[in-house]
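Reader: I'm new to this one. Could you walk me through how to read it?

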Amino acid sequence: MPIKTKRFIIKKRSCSCSMPGVWRAVGYSKGAVVVFHSPKACAHVAHTMDINAHFRGIARGEREPYGYTAPLISTMLTEKHSIFGGAKQLENCLDFVVKRYKPQYIVIANSCVVGVIGDDVAAVAAGAEEKHNLPIITLPCYGFLDGEYYAGYYGVAEALVERFLVGGLPKVQDSVILLGDNGGPNGEYAVEVKRLLAYFDLQVIGQFPGYVAYDDMNQVTTAALSVVLGGRTQANDSLLKIAKKLEEKFAIPYYGGVYPLGWQGTREWLADLGRKLHKEESAQKAIAEQKERLERVLVDAKEKLRGKKVAVCIGRQLEYFRPEWVMEILKLIEINQLGIVLLDSYMPKDRASMEQAIKSCTNINIFNQLEGAKVVEAADIILTTHELEAYNARQLFLPMLPTVGVTGMIKLIKNIIKIAYRHGDKGGIVYG
Amino acid sequence: MKIAFYGKGGIGKSTTAANVSAAFSQKGHKVCQIGCDPKNDSTRLLLGHICKQTVLDTVRDSEDGEVTAEQIVHEGFNGIKCVEAGGPEPGVGCAGRGIIVALEKLNALNVIPEDSLVLYDVLGDVVCGGFAVPIREGYATDIYIVSSGELMSLYAANNIAKGICRFAGRGKARLGGIIGNSRNTVNEEKLLKEFAARLNTNLIAFIPRDIIVNQAENKRQTVIEFAPTSNQAEVYRRLAEDIENSQKLTVPTPMTFEELEELISKYAD
């Protein structure tokens, strides 16, 4: 039976809207209000993003994340504004926002429509800023015309640094400011990083830009170190630019090592940080403790997964999914790997890149979707980036963001065991 | 018959269009002139004033976006129906989008009787997709380009020909001819004739420069109304006659800029 997936998106290149990036950059910064100078519908992406994040947090057992969510207001541009211009509408909207929400600052995100008709948003913002005596941030980003979420995210972060952060404040010893998002301060990523930083007696004082309240902006420059919550994608490039800016302007050194990802990645991340802080002993202690913690789980996993067969189905671009951490976990739990199936969602060049990345970390056979059908049928467990239609398959859905640190590895291993031991002949899916 | 006048800004499209509309109306045609320019001045000479109630202004000001034909169709000289698309103030919004919306609204309201002769007077050059709509979407079938013998006027005319050529494959719009509106440049008529020939069309009229046009404009009238027995009025009547009887509608063959420069230099002395 051929492999059928529930959803496929074939992408030639990354394309996204800068507006949700703008919102996310200050989404939980107390005092902020975000104005989308856009048709009403543009706001739904950011709105949905917020709701999804909220429910993901609840599903993962995170506590209610933040006390403040920045109101997102759309100027609700219509056809007539696309003809006569939307500047007056924006002006009225800013007046409304100031009166209704009493924000400490406003960030304006521009839509494609505004880019095309050329509203002078900067002039309106400058006028409103003077009128209301309130900082109003504008960006030269125009929705999908910029083609990138991170153009908006980075643009806001940079603007916040320029507008609100002041230098000359004394540094707080062993304090760290986290840069980036990755699910926020209570998300798995930030929590694990904080746990690892504690080995070096480092205390996180905030997460910039999206989670620092307006009143606390000054604290950012008191940090003794910034740590980038990045990865290998565009996010990291943007965040590294912010980290470098903070270093240049406020003498905050940064640690921009790629993810504490998988065991190898976690070990390197800890060792590099130890060298940077001249705390090699702390790093060695952390590595030893993490290793011991992981090994305890591995002993149990090897026992429980003995005789089980696994197949891996991958359909995401390399940019969004690195296979190394998955291959590493499968090797560590010593499970019988039947093969890796590359789904039909790739453009030829992207497929070749993924194949190369897989071959650099494992010698397990790679199959195309057609050939892979038998491999999937024979497997007890399927680790997959795309949900498969087969109702009886026991699937572990591989997350877009890799699980972080040993905590993340343990969680994934436990989920593999969980799906392998589903009652009777039942299939189903566990979200990793 | 559905006609559109294009040409460089300020070349005399609206004056020519209004006079041709007036001439058509005197021949007994039902005429509708539609100004596609945010300046709203196409129908000034027919109405005797600048049109205040444009399609887009009316749509904008109505609470539910709905308008009636009576609100946007105004009666001008000799029963000519006058419509102005309207649009944004200079430097804001998007006039091209305005033209698209205004023409769609006119279509939806079905304000133009089937038996009318419709004349679209379109802003300047075809600067964006919005201004190509009368050609592209089949609103107009016979396109006339108003031009003098000046370089930039011919350059604009050549660009408009490119626009017609681009959309010729998907619609009925064809080039009806060049209307020469004299600026008294050297060898102007000869140059315009050859220019028209090079574009695979005719110089359908050569309108001499005459002070009476300015005098009529100052009185907010067409020459046909202001000085009906004048030679200039006769020129416009002849032009209307020629447009009505024109059989030669062509897909133009635009020139390169270098070819255009060469042509102009040939008649420069």
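Reader: Anything I should know about the numbering and the model?

Author: Residues are numbered from 1 along each chain as its sequence is written, while chains are lettered from A and ligands numbered from 1 in the order in which they are written. The model is predicted, so local features need pLDDT of at least 70 and side-chain atom pairs count only at pLDDT 80 or more, whereas totals for chains, interfaces and linings use all residues.

Reader: What is the mean pLDDT of chain B?

Author: pLDDT is the predictor's confidence in each residue, from 0 to 100. Where pLDDT is low, the predicted coordinates should not be read in detail. Chain B has a mean of 92, with 99% of its residues at 70 or more. The model's scores are ipTM 0.72 and pTM 0.80.

Reader: Is B:N40 exposed, partly exposed or buried?

Author: Count other C-beta atoms, placed from the backbone, within 10 Å of the residue's own: 20 or more is buried, 12 or fewer exposed, in between partly exposed. B:N40 has 19, so it is partly exposed. Its phi is positive, near 60°, though B:N40 isn't glycine.

Reader: And what is phi of A:A251?

Author: Near 55°, again positive in a non-glycine residue. A:A251 sits in the loop between α10 (234-250) and β8 (254-255) of chain A, and it's exposed because 11 other C-beta atoms lie within 10 Å.

Reader: Which residues does the cis peptide bond join?

Author: A:F208 and A:P209, with omega about 10°. A:P209 is in the loop between β6 (203-208) and α9 (217-220) of chain A.

Technical notes. Helix = DSSP H or I, 4+ residues; strand = E, 2+ residues; numbered from the N terminus.
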